[in-house]
Amino acid sequence: MYLGFLLLLINSSIRTEEWPLWKNWWIRGILTLAMISVFFLIIYMGSFMLMLLVLGIQVKCFHEIITIGYRVYHSYDLPWFRSLSWYFLLCVNYFFYGETVADYFGTFVQRREQLQFLIRYHRFISFALYLAGFCMFVLSLVKKHYRLQFYMFAWTHVTLLITVTQSHLVIQNLFEGMIWFLVPISSVICNDIAAYIFGFFFGRTPLIKLSPKKTWEGFIGGGFSTVLFGFVFSYFLAQHQYFVCPVEYNSETNRFVTECEPSELFQLKKYSVPLLLQAVLGWETVNMYPFQMHSIALSTFASLIGPFGGFFASGFKRAFKIKDFADTIPGHGGIMDRFDCQYLMATFVHVYITSFIRGPNPSKVLKQLLVLQPEQQLNVYRTLKSHLVEKGILRPSLDECFFP
């Protein structure tokens, strides 16, 4: 009742010509809250559901971009175009996710001989599948359509590069710990929402011609809000093993597990407050998680560079004279319209982890060793044992003393 009265009061205070603008605002706001709620439900359901979500988004984004090419170039008469596009999508996914299975499901694969064959010759099989598609494309070439067919061949491969490669990186980040998945994605979402709100209420100065509705006020307000959000959000996530532990597959229970002793990144440490802030805050020291410092870097990228993914998408849509990638989500456009910045963010997070965070992973090395033949495992054991003896970590056995 009170909500209805409030909506009536707001509507009565808005000029008639502003109704479409406010209507779009309410539609976007309600659907944004709905999508965030579904997203948190999937997080609660676990890592595997998140992986399925990423895969589903990837397929939908691929479909939207391919459909645009299909319509723009009027490629209705091209033989095998759509079939080959989806075939190449399957080939590339088989290659990337086959590599993931080999890396993270080694013990599971070891128990099944048919899977061992697929993993051992995975790259050869992937290449053979791609060659089959390549040959089918060459056989499908017809007169008067050569240029258009090569246009669409290139369109398909660029689309695969944008969608499949980046979604693969998203899942790689997820395996490092759910926090490396949630903080970047949430930062981009927060920046999008905050920039929209600041721009809606305070926007006056245009930011870029590619997106006339983007303003400097929204860009700056969204940036500060995103950094603050990332810092606070990471503090709450860092307190729970469920979010900070690497995602691993337990072959005995056939489930993904997130249990570990949290690394130093997720243990509270005392930091000295800079002198300039001591006078304002009244604190000389503060307890923080080291990951919060990394969250500042992630949030800064999401607010400064992340929007350029959206600008790129805007330029793409203007080039082909379309408003949105699709009309899947009312008020938002297509799935690609919502995830254009996420793909750029996924690449940055992966590069950031490999450059500044990731060290040797003992569990991953162990899984790779378990896949080796017994003779190879014995050679690794002897080499490691002799290395530890030379360093003085292990004492030489009696047999080694008398029979070196």
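1. A quick term before we start: contact here means heavy atoms within 4.5 Å. Keep in mind, too, that this is a predicted model. With that said, have a look at helix 14, residues 307-319. Which elements cover its buried residues? The cover includes helix 9 (178-202), strand 1 (206-208), strand 2 (211-215), helix 10 (216-237), helix 13 (290-304) and helix 15 (335-357).

2. Now for helix 14 itself. There are 13 residues in this helix, and from first C-alpha to last it reaches 18 Å, close to the 18 Å expected at 1.5 Å a residue. Its buried residues are P307, G309, G310, F311, A313, S314, G315 and K317.

3. What does its side chain meet? The partner is D337, in a salt bridge with 2.7 Å from N to O. Since K317 sits in helix 14 and D337 in helix 15, the pair ties together parts that are 20 residues apart in sequence. Are these two buried or exposed? Both D337 and K317 are buried, and buried means under 20% relative accessible area.

4. How many salt bridges turn up in a search of the whole structure? The count is four. Another one of them joins E99 and R123, whose closest N and O atoms are 3.0 Å apart. This pair also links distant parts of the chain: E99 belongs to helix 4 (residues 81-104) and R123 to helix 7 (residues 122-139), 24 residues apart. R123 counts as exposed because its relative accessibility is 57%, and the cut-off for exposed is over 50%.

5. E264 and K269 make a salt bridge too, at 3.9 Å from N to O. Here E264 counts as exposed because its relative accessibility is 56%. K269, at 36%, counts as partly exposed.

6. Last stop, the surface. If you colour the model by residue type, look for F48, L52, L55, V59 and W86, which make a nonpolar patch of about 400 Å². Where does the largest share of this patch come from? Helix 3 (residues 47-72) supplies it, with four residues.

7. F48 is found in helix 3. Why does F48 count as partly exposed? Its relative accessibility is 44%, and partly exposed covers the range between buried, under 20%, and exposed, over 50%.

How values were computed
Residues are numbered from 1 along each chain as its sequence is written. This is a predicted model: local features need pLDDT of at least 70, side-chain atom pairs count only at pLDDT 80 or more; totals for chains, interfaces and linings use all residues. Side-chain values use heavy atoms; hydrogens and water are left out. Patches are made of residues with over 30% relative accessible area and no salt bridge: like charges are joined within 9 Å, nonpolar side chains (Val, Leu, Ile, Met, Phe, Trp, Tyr) within 5 Å. Accessible areas come from the Shrake-Rupley method with a 1.4 Å probe; for residues, only the protein chains shown count as cover. A salt bridge is a side-chain nitrogen of Lys or Arg within 4 Å of a carboxyl oxygen of Asp or Glu. Helices (H or I, at least four residues) and strands (E, at least two) are DSSP runs, numbered from the N terminus. Buried means under 20% relative accessible area, exposed over 50%, partly exposed in between (1.4 Å probe, protein chains only). The expected span of a helix is 1.5 Å times one less than its number of residues.
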